[in-house]
Amino acid sequence: MKPNRLYADTITKRLNCPQCGYLLPLRFRWTKLVECPACKSSIFLEDEGAKVIGKASTLSPEPSLIRVHDPIIIDRTNYLPLGKIRYSYGRGFWEEWFLINQNNQEFWLSIDEGDFVLERPAKMTLPFSNIDKLTMGKSYGEYVVTEIGEGECVGFEGELPKKITINEKHRYVHLSKGGASLMTIESSKEGIEIFKGKWIDPFEIKKVNG
Amino acid sequence: MSQHYSIKCPNCAAPLNLLGGGRVESITCNYCKSLIELGKEYKVLSTFKEVEIPHSPFKIGMRGKINEIEWTIIGWILYCSLDELDDQWSEFLLFSPLYGYGWLIYESGTVSFSKRVRDFNIPKWQMRQNNSTVFYRQGDYLLQGIPYRSLIKFVQGELTWIAKQNDQIECWDYKGRKNEMLTIEKSNQEIEVYHTKRLDAREIYKSFGVASKDQVIKKESLKEQLSNERLEKRGFSFYALVFIATILLGLTIAPFKGKTILKQQINVDMTLPFKLSNEAFLQQITLRSDSNQHLNNYQISLYQNNKELLYIDRNRATLNHQKFDNTWNYRAIGANIYLKLTQGEYQLKITRVDKQITSPLTIVIKERVIKKGYIITLFVAIMLLLYYLTFKSTNRVLLATIGVLVAIIAFLNKEGDDDD
């Protein structure tokens, strides 16, 4: 697929796969992890270069509204999906899509059985380091805990701005303040991350290329 | 998202296909009617065996398109109203790998599609549960009747929760435009909001492959048709309100700005004759100077047939030789004087206290004038009344607050008019 001109400026790195020499399709300046499309190696990008950290776990193809490098429009804003992480919760799974907008900002679109949430990393400090302290239904300021869940990372595709570990447990807490607004606190070995965003109506997601 | 797989019913060993994605938590066996929890142990929780299965055009496993999206029917719940047990309807759980879960609702020949919405402000609704109108995504929805309780009579197939016989849900139905509805459902666990839209039953039957003999089409009664027409027309209410507001604003501002019958700039003592041909509303004499000192240097008298009607300067004002409280403020550079005069000829006499000062004074006389404060108050009052009549539901505290604010604005405007 041709690179989308809208996002052409975001390509700042030209690196070849250290395993097979294939030119890696990097679109985001701060990418940390990328899957080589040719040899399926997982490549970790460091300041000086790239190193293979193993073979990527191939994800089973599943129907999805989103595809890597196929731009979408949500609320009149264009987003380019660059990669995804899949988490399993037993009988099913959900996916976290890494997107960038035209200002090269990082977004995450969570898709779970028709429920779509678009979020951005939030710069906040929590007064605790363990999300188990949060209780379902309890209010924290203007937010109420509406969901607590756990999944296991089963694989990724494309490029990601963070390192992930396959088979690692990933816990999350959803907090709502009414309406579409949502805050998610995620906990993994790498630490705690906070995201803020809103629920998206899947019927309102449009493809840029039809 | 999930892979499809099958299990054996732990009660009767019948093969059960699971079609409905990773969130499915229970399945009711089509053969022995056992309700099975899809946890690690596949426990039988209860049975729907004694329930008579009603006839329905839709069956589990049917596939069809709704608004170009393909859905599979994976579950079926038969509900009835707790108040009227004969009033029953079917809700079929739909699954799409791309769009998740939705509901196909069937009731006596009418078919609707319903999907859970996440962006409705539930805490706000909880605070104003008695309001007959709710707003969602730029639309307004009117409460239909009173909240009711629905009861689960029968379940078949897969569900995303464990639904048992006689489980109850409290429901609020709000009707919107274009056959749309917003339903708020309150169970013991949580509050969920669903957006529902009525569909063309014939199209859905065709898409889901319902046999002709099973197709039931409801004919709308005249009352229902009229009710729907009324709701469709209600769709214009907001735009009608904006339209009426614009017209009213134009009507209130345009003619009541008054007609100028005299406009003159003077810098010497002078008598200006003028004629009033229309005595409707008020007459306005406007004085404008370039500084407060210069305005304070002028004395104004109004005569009709050589009889003084009005006298005003910085220190005092009299009307028909009767003193009244206020004149213009010491710091003002202009003043508006409102009078109620009859038709006829008048003379406005302007004299200077200090004859050395020759700075100009602009005088404008208008007839048919309404004070700004009255116009704004009237306009806002009409708008509030229209809003109330349109939506029939307004927070009384908000209404009172706006009323008080309008009164304050009108009062300040009055002060401004007097002191200007």
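**Group meeting: a two-chain predicted model**

I will start with one residue, A:Cys17, which sits in the segment before strand 1 (33-35) of chain A. Helices and strands here are DSSP runs, helices being H or I of at least four residues and strands E of at least two, numbered from the N terminus.

Before going on, the ground rules. This is a predicted model, in which local features need pLDDT of at least 70 and side-chain atom pairs count only at pLDDT 80 or more, while totals for chains, interfaces and linings use all residues. Residues are numbered from 1 along each chain as its sequence is written, and chains are lettered from A and ligands numbered from 1 in the order in which they are written.

Back to the cysteine. Is A:Cys17 buried or exposed? A:Cys17 is buried, because 20 other C-beta atoms lie within 10 Å. The cut-offs are 20 or more other C-beta atoms within 10 Å for buried, 12 or fewer for exposed, and partly exposed in between, with C-beta atoms placed from the backbone. Leaving aside neighbours within four places in sequence, the contacts of A:Cys17 include A:Tyr22, A:Leu24, A:Cys36 and A:Cys39. Contact means that the C-beta atoms, placed from the backbone, lie within 7 Å. A:Ala38 is also in contact with A:Cys17; those two are 21 residues apart in sequence and 8.8 Å apart in space, C-alpha to C-alpha.

Now confidence. pLDDT is the predictor's confidence in each residue, from 0 to 100. Chain A averages 85, and 92% of the residues score at least 70. In chain A, strand 3 (residues 50-55) has the lowest mean, 75, and strand 4 (residues 72-74) the highest, 95. Residues 1-6 of chain A are below 50, and that stretch has seven contacts beyond near neighbours in sequence. Chain B averages 83, with 84% of the residues at 70 or above. For the complex, the predictor gives an ipTM of 0.83 and a pTM of 0.68.

Next, strands in chain B. Two strands pair if DSSP finds at least two bridges between them. Strand 9 (residues 100-107) and strand 10 (residues 110-117) of chain B are antiparallel, with five bridges, and B:Leu104 stands opposite B:Phe113. They form a hairpin with two residues between them, and B:Ser108 in the turn has a positive phi of about 45°. Strand 10 of chain B also pairs with strand 16 (residues 191-199) of chain B, antiparallel over seven bridges; there B:Arg116 faces B:Tyr194.

Further along chain B, four strands make an open antiparallel sheet in the order 17-26-19-24. Strand 17 (259-266) and strand 24 (334-339) are at the edges with a single partner strand each, so one side of each has no neighbour in the sheet. Inside that order, seven bridges join strand 19 (residues 282-289) to strand 26 (residues 361-369) of chain B, and B:Gln284 stands opposite B:Lys366.

Last, where the chains meet. How many residues does each chain bring to the contact? Chain B gives 17 residues and chain A gives 16. On the chain B side, strand 9 and helix 1 (122-127) each supply at least two residues, and the largest share, three residues, comes from helix 1 of chain B.

Key
Contact = placed C-beta atoms within 7 Å.
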